[in-house]
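Open the model in your viewer and show it as a cartoon. This tour tells you what to select at each stop.

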Amino acid sequence: MPTYAYACTACDHRFDAVQSFSEDSLTLCPECGGALRKQYGTVGVTFNGSGFYRTDSRGGAGAPASGSASSKTESSTSATPAPAKATASK
């Protein structure tokens, strides 16, 4: 069940209430009997990764998403091949 934050408009008393979706919102302050209002906050969810659309959570125009291609490491290889082993002839 979700938790809702309420604030009284008269005495500024703040509290959280656990309510189901089907319950009505609280309207009276338990401290003074004044009117209540719900407090809405931001949700700290960011959708990043390969399972989401390219336009989701984009940092800026044309900027690559953080953590996608930049986290891959390349193995270092030499530009010249290693010399072949000489076979011992008898």
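A nonpolar core here is a set of buried Ala, Val, Leu, Ile, Met, Phe, Trp, Tyr and Cys residues joined through side-chain atoms within 4.5 Å. Keep in mind that this is a predicted model.

**Stop 1: the core.** Select Tyr4, Tyr6, Cys8, Phe15, Ala17, Cys29 and Leu36. These 7 residues make up the largest nonpolar core. Strands β1 and β2 each supply at least two of its residues. β1 gives the most, with 3 residues. In soluble globular proteins, nonpolar side chains tend to be buried together.

**Stop 2: the sheet.** Now colour the strands. The open sheet has 3 strands in the order β2-β1-β3, and the pairing is antiparallel. β2 (14–18) and β3 (36–39) stand at the edges with a single partner strand each, so one side of each has no neighbour in the sheet. On average, neighbouring strands are turned by 40 degrees against each other, direction ignored.

Stop 3: Zoom in on β1 (residues 3–8) and β2. They run antiparallel and are joined by 5 bridges. Tyr4 stands opposite Ala17, and Thr3 stands opposite Val18.

Stop 4: Which residues of β2 are on the covered face, and which on the uncovered one? Phe15 and Ala17 are on the covered face. Arg14, Asp16 and Val18 are on the uncovered face. In a regular strand the side chains alternate between the two faces of the sheet.

**Stop 5: Phe15.** Show the contacts of Phe15. Leaving out residues up to four places away in sequence, Phe15 touches Tyr4, Ala5, Tyr6, Leu26, Pro30 and Leu36.

Key. Residues numbered from 1 in each chain as written. Predicted model: local features only at pLDDT ≥ 70, side-chain atom pairs only at ≥ 80, totals over all residues. Heavy atoms only, no water. Pairing = 2+ DSSP bridges. Helix = DSSP H or I, 4+ residues; strand = E, 2+ residues; numbered from the N terminus. Axes fitted to C-alpha atoms, helices over the stretch in contact; angles between N-to-C directions. Buried < 20%, exposed > 50% of the residue type's maximum accessible area, 1.4 Å probe, protein only. Contact = heavy atoms within 4.5 Å.
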